[in-house]
Amino acid sequence: MLTIGEVAKEVGINIGAIRFYERKGLLKPAARSEQNNRLYTENDLNWLVFIKCLRETGMSVEDIKKYYDKVNEGTSTLPERIKQIEDQKQKLLNDIKEKEAQLVHLEQKLKRYYRGENY
C-alpha cells in the first residue's frame, strides 16, 4: 500500500489532483490507515498514470469518467472503450501534425534571421 504522497510523487501529479480525481469518481475511494491516511494499491497507481496520460492528450475529466464507468461495467463495453481510445489517439495524431507544421514555420523564420533578414 502506498500513501497519497508516494503515489503523487511516483505518478508526477500533486496530491490535490488525486483528491480531485477521487471526488469526480475517476478513482475509487482510497482505503484508510489507522491514522485515517489514504492508502493506494499498485492498481490505483497504474490507473492514475493512465489518467495522467489521457489528460495530457487533452481528454476531458468528463470523458475519462465515462471511460472509467465503462471499464467498471466489464468486457461487454470493450468496443466502446476501443472507439474512445482510438478517437483520442486520432486527436493526438492531429495535434502532433499541427505542432509539426508550427515547428516548420519557426524553423523557416529562424533561417531567415540567420541570413540577416529582418522579417
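1. Arg38 and Glu22 form a salt bridge through their side chains, with a distance of 3.3 Å from N to O. This is a predicted model, and the distance is computed from its atoms. The bridge joins distant parts of the chain: Arg38 belongs to strand S3, Glu22 belongs to helix H2, and 16 residues separate them. Arg38 and Glu22 are both buried.

2. Glu22 deserves a point of its own. Its relative accessible area is 15%, so Glu22 counts as buried, the limit being under 20%. Leaving out residues up to four places away in sequence, Glu22 touches Leu27, Lys28, Pro29, Ala30, Arg38 and Tyr40. That list includes Arg38, the salt-bridge partner of Glu22, and also Lys28, which takes part in a salt bridge with Asp44.

3. In the bridge between Lys28 and Asp44, the closest N and O atoms are 3.0 Å apart. This pair, too, links distant parts of the chain: Lys28 sits in the loop between H2 and S2, while Asp44 sits in helix H3 (residues 42-56), 16 residues apart. Which of the two partners is buried? Asp44 is buried, because its relative accessibility is 7%. Lys28 has a relative accessibility of 43% and therefore counts as partly exposed.

4. How many salt bridges does the structure hold? There are eight. Another of them pairs Lys65 with Asp69, where the closest N and O atoms are 2.6 Å apart. Both residues lie in helix H4 (residues 61-73), four residues apart, or about one turn of the helix. Lys65 is partly exposed at a relative accessible area of 27%, and Asp69 is partly exposed at 30% relative accessibility.

5. Lys24 is located in the loop that runs between helix H2 (15-23) and strand S2 (31-32). With a relative accessible area of 44%, Lys24 is partly exposed.

6. A nonpolar surface patch consists of Leu92, Leu93 and Ile96, which together have about 220 Å² of accessible area. Ile96 is part of helix H5 (residues 78-114). Its relative accessibility is 38%, so Ile96 counts as partly exposed.

7. Ile15 and Ile4 are 11 residues apart in sequence, and their C-alpha atoms are 6.4 Å apart in space. With neighbours within four places in sequence set aside, Ile15 is in contact with Ile4, Gly5 and Ala8.

8. Most residues other than glycine have a negative phi. Asn36 is not a glycine, yet its phi is positive, at about 70°. The residue lies in the loop between S2 and strand S3 (38-40). Asn36 is partly exposed, because its relative accessibility is 48%, and the exposed class starts over 50%.

Conventions: Residues numbered from 1 in each chain as written. Predicted model: local features only at pLDDT ≥ 70, side-chain atom pairs only at ≥ 80, totals over all residues. Heavy atoms only, no water. Helix = DSSP H or I, 4+ residues; strand = E, 2+ residues; numbered from the N terminus. Buried < 20%, exposed > 50% of the residue type's maximum accessible area, 1.4 Å probe, protein only. Contact = heavy atoms within 4.5 Å. Patch = residues over 30% accessible without salt bridge, like charges linked within 9 Å, V, L, I, M, F, W, Y side chains within 5 Å. Areas by Shrake-Rupley, 256 points an atom, 1.4 Å probe, with all protein chains shown as cover. Salt bridge = Lys/Arg side-chain N within 4 Å of Asp/Glu carboxyl O.
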